[in-house]
There are 2 protein chains.
Amino acid sequence: MSTKTAPQNVENFQARLVEISDGLPKRLRQCAEYLAGHTDRIAVSTVAQLAEAAGVQPSAVMRFCQLMGYSGFSEMQQVFRDSYGQSPLDYRTRLGNLRKSGAGSPSALLAEFVEVGHNSLENLASSVDARVLDLSVKQLAEAQMVHIVGLRRAYAVASYLTYALERMSVPAFQHDFTGCLDHAHAIRSGDVLLAISFAPYSDETVDLARQFRARDCGVISITDSIMSPLWQLSDHALSVQEVDFGAFRALSATLSLALTLAVAVGTARSET
Amino acid sequence: MSTKTAPQNVENFQARLVEISDGLPKRLRQCAEYLAGHTDRIAVSTVAQLAEAAGVQPSAVMRFCQLMGYSGFSEMQQVFRDSYGQSPLDYRTRLGNLRKSGAGSPSALLAEFVEVGHNSLENLASSVDARVLDLSVKQLAEAQMVHIVGLRRAYAVASYLTYALERMSVPAFQHDFTGCLDHAHAIRSGDVLLAISFAPYSDETVDLARQFRARDCGVISITDSIMSPLWQLSDHALSVQEVDFGAFRALSATLSLALTLAVAVGTARSET
DNA sequence: GTGTAAATAGAATGAATATTCCATTCGTGA
DNA sequence: TCACGAATGGAATATTCATTCTATTTACAC
């Protein structure tokens with residue numbers, strides 16, 4: 001244990017955390033990482049609660065406190081209890097505070113995106129057709145291989161979806177058209193395409209969907225309306241109305257839907 | 001003691017306080033008055049501390065708690081502890097419960113992800129440091145070229161960021177390590193790196209940040225806590241606590257923050 | 001492999017804390 | 001002034017919790 005005096009305020013606490021963060025053994029590192037991200041919980045939790053949340057034994061938390069220079073957990077907790085402000089402002093007030101910093105300022109922008117994200121999620125929850133969702137999952141879970149395509153603004157979604165499926169051991173192939181290759185030969189019977197596209201729709205995405213159709217392979221799509229060319233090409237189409245702010249959309253709703261599909265498919269597959 | 005059920009949130013607590021405040025005996029009135037004015041202290045104090053602050057005996061505080069309908073002080077305190085900060089819901093076990101209970105239908109999953117997204121966004125709104133955000137935007141806006149890196153789970157964010165910057169005519173270069181090329185030669189004086197990484201941190205991302213440092217180029221990062229290796233390597237670091245649900249995160253907050261950066265930088269550049 | 005030190009888990013301990021109980025005080029109506 | 005019930009203070013108890021200790025495991029150097 002260092003002879004340095006223990007941090008007596010939250011700021012010093014964080015600084016100290018950075019200091020000691022090198023070469024920490026596994027469990028102590030777990031403590032450090034959890035507490036770094038949840039400093040606000042320290043004031044109102046017991047050792048056992050923090051330990052469980054961090055995934056370690058209570059004794060590990062104690063060792064961590066001592067490593068930080070405190071005599072024990074209680075002393076450390078006292079620091080946070082003293083600096084404990086009144087319960088955090090509600091959501092509306094926080095947004096208001098962010099906006100106050102002036103229209104067009106980064107904080108005000110963030111407030112807008114946060115709000116837009118909220119609305120999009122709300123929208124999603126109420127507009128998704130559970131039946132279509134179920135059927136989509138079923139079809140994807142039975143696929144030999146899941147092909148994924150999404151370009152331009154939908155590319156990020158396609159990437160994350162591919163990543164999530166891979167992580168769940170679902171055979172997935174992302175068509176990203178690097179080098180302008182279309183990998184049409186990779187389509188095999190029993191495969192299913194998951195296509196993501198929003199207006200203005202990428203020709204490449206729509207073409208790929210057509211190819212799958214032509215070969216009697218399934219097509220599921222995530223798109224924005226029944227006017228989408230993907231709508232008619234798909235066995236099942238999930239629509240997401242992302243609320244726009246300026247020229248950009250935060251994709252919160254689309255990503256949530258995509259992730260839902262990935263996890264549901266992954267789970268369904270591992271059960272069979 | 002009333003048979004009415006005890007208030008389970010702060011709002012009801014206040015309402016109940018008003019209800020019972022008529023014709024209270026002296027000491028209980030003291031309790032009520034003190035606690036009404038210091039509700040925020042309840043979560044982080046002991047009975048003895050509150051009693052002393054209110055100028056009464058601990059037993060008086062106990063009687064007050066029971067008058068409010070709680071079984072004792074601990075139950076009342078729990079209400080205030082829970083209401084502070086993000087709800088201590090453990091999504092990992094919730095996911096497990098969902099699966100076990102057979103309620104793991106895709107729609108139920110979606111509902112969870114929507115809720116997680118909401119929480120993450122609220123979290124972001126309250127935890128973001130407006131000053132750091134401003135400085136980050138300034139530095140990025142002045143960069144000759146913005147380099148972007150984000151791998152694995154952060155790759156989708158990096159992609160979307162690059163897309164958004166491109167769309168706003170900001171010179172941006174995404175390091176995606178395809179073909180295991182690191183494009184180290186592309187770093188030039190006046191460039192700035194925007195690095196995105198979450199635990200477990202990709203070595204490639206951290207290495208790239210080191211290279212920028214070594215060449216006296218700026219580094220901005222979006223990461224999850226001050227324990228991140230990126231934290232110390234960055235001129236400015238923005239932290240985002242995305243709420244996990246099972247092994248996955250919906251990235252709602254991260255994407256919103258990323259997009260804010262992109263739009264703010266794009267705007268700042270076009271103004272000069 | 002073998003030996004050594006560090007790290008860890010989990011039970012055991014002791015301190016702090018909530019809670020109850022009872023003797024005493026206070027207020028009120030005869 | 002007395003009687004009676006409510007209110008109170010403070011000590012006694014039970015419970016929860018922080019903290020320590022020790023056996024075991026893990027990591028590392030030889």
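Analyst: Helix 10 of chain A has 13 residues and reaches 18 Å from its first C-alpha to its last, close to the 18 Å expected at 1.5 Å a residue; like everything below, this is computed from a predicted model. Eleven of the 13 residues of helix 10 of chain A are buried, so the helix is largely enclosed by the rest of the structure. The buried residues are A:Tyr155, A:Ala156, A:Val157, A:Ala158, A:Ser159, A:Tyr160, A:Leu161, A:Thr162, A:Tyr163, A:Ala164 and A:Leu165. They pack against strand 1, strand 2, strand 3 and helix 13 of chain A, and also against helix 10 of chain B. After helix 10 of chain A comes A:Ser169, whose phi is positive, near 65 degrees.

The strands in that list belong to an open sheet of five strands in chain A, which has the order 2-1-3-4-5 with parallel pairing. Its edge strands are strand 2 (172-175) and strand 5 (236-239) of chain A, each of which pairs on one side only. Neighbouring strands of this sheet are turned by 20 degrees against each other on average, direction ignored. Helix 10 of chain A, residues 155-167, packs on this sheet by touching strand 1, strand 2 and strand 3 (192-197) of chain A, and its direction makes about 155 degrees with that of strand 1 of chain A. Strand 1 of chain A, residues 146-150, pairs with strand 2 of chain A in the parallel sense over four bridges, and within this pairing the bridge partner of A:Val146 in strand 2 of chain A is A:Ala172. Helix 11 of chain A, residues 203-214, also lies across the sheet, over strand 1, strand 2, strand 3 and strand 4 (218-223) of chain A, and runs at about 160 degrees to strand 3 of chain A.

Helix 13 of chain A, against which buried residues of helix 10 of chain A pack, covers residues 252-271; with 20 residues, it reaches 29 Å from its first C-alpha to its last, close to the 28 Å expected at 1.5 Å a residue. Of the 20 residues of helix 13 of chain A, 15 are buried, so this helix too is largely enclosed by the rest of the structure.

Leaving aside residues up to four places away in sequence, B:Ser225 touches A:Glu33, A:Ala36, A:Gly37 and B:Ser239. With 23 other C-beta atoms within 10 Å, B:Ser225 is buried.

Chain B has an open sheet of five strands as well, with the order 2-1-3-4-5 and parallel pairing. Strand 2 (172-175) and strand 5 (236-239) of chain B are its edge strands, each pairing on one side only, and the twist averages 20 degrees from one strand to the next. Inside this sheet, strand 1 (residues 146-150) and strand 3 (residues 192-197) of chain B pair in the parallel sense over five bridges, with B:Gly150 standing opposite B:Ile196 in strand 3 of chain B. Helix 11 of chain B, residues 203-214, lies across strand 1, strand 2, strand 3 and strand 4 of chain B and runs at about 160 degrees to strand 3 of chain B.

How values were computed: Residues numbered from 1 in each chain as written. Chains lettered and ligands numbered in written order. Predicted model: local features only at pLDDT ≥ 70, side-chain atom pairs only at ≥ 80, totals over all residues. Buried ≥ 20, exposed ≤ 12 C-beta atoms within 10 Å, placed from the backbone. Contact = placed C-beta atoms within 7 Å. Pairing = 2+ DSSP bridges. Helix = DSSP H or I, 4+ residues; strand = E, 2+ residues; numbered from the N terminus. Axes fitted to C-alpha atoms, helices over the stretch in contact; angles between N-to-C directions. Expected span 1.5 Å × (residues − 1).
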